[in-house]
Amino acid sequence: MKLKLILKERLFYIRYTWRHKIAFLKVEKKVRGKNTLRGLLHDADKLFLYALPFIDIQTAQNIHAKYARHHLRNNIQKTQKDIEETVIDWACAPLTKPDKPLNAYQTLIKYYPNHVEQILPTIKKWFPEQIKKNSLKSKERE
């Protein structure tokens with residue numbers, strides 16, 4: 001019985017990540033005009049780690065976050081390509097992740113305000129409507 005629950009949980013996370021990858025590729029194609037190898041490989045390590053029965057889900061997520069260049073909380077020096085992958089990742093999250101409804105701009109402001117200078121130019125370039133939409137909401141509250 002316990003094995004069935006473990007398999008069911010793993011399949012949930014594999015499907016969750018797979019849907020996210022598909023959304024990532026669609027958003028990447030929209031903003032870049034093409035899909036890149038980097039886009040195709042986005043979060044592929046998580047799919048692999050989730051399939052390993054001797055690594056629990058949380059450990060798989062921690063390993064991914066520690067080594068994935070598009071995650072800001074690790075100590076890896078970021079290139080512009082890393083920043084772009086981060087922005088695409090944040091932009092597509094609300095498309096397939098009900099637990100992550102914030103768009104790229106909202107994610108930046110809420111969770112990563114120390115990275116505004118580094119990331120905002122890419123959001124302005126690819127998703128200027130997110131900034132305008134949020135500034136309108138701020139004005140409506142006043």
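The accessible surface of the protein, computed by the Shrake-Rupley method with a 1.4 Å probe, comes to about 9,300 Å², and 60% of this area belongs to carbon and sulfur atoms. The structure is a predicted model, in which local features need pLDDT of at least 70 and side-chain atom pairs count only at pLDDT 80 or more, while totals for chains, interfaces and linings use all residues. Residues are numbered from 1 along each chain as its sequence is written, and side-chain values use heavy atoms, with hydrogens and water left out.

The protein contains 8 helices and 0 strands, where helices (H or I, at least four residues) and strands (E, at least two) are DSSP runs numbered from the N terminus. Along the principal axes, the C-alpha atoms fill a box of roughly 55 × 35 × 30 Å. Of the 142 residues, 42% count as buried, that is, under 20% relative accessible area with a 1.4 Å probe and protein chains only. Among contacts (heavy atoms within 4.5 Å) between residues at least 6 apart in sequence, 53% join residues at least 24 apart.

In helix α3, which spans residues 44–51, the buried residues are K46, L47, L49 and Y50. Viewed down the axis of α3, these buried residues fall within an arc of 170°, so they line one face of the helix; the arc is that of the directions from the helix axis to the C-beta atoms.

Helix α5 (residues 80–96) includes E84, a residue that is buried, with a relative accessible area of 8%. When neighbours within four places in sequence are left aside, E84 is in contact with R32, T122 and W126.

Definitions and conventions:
Buried < 20%, exposed > 50% of the residue type's maximum accessible area, 1.4 Å probe, protein only.
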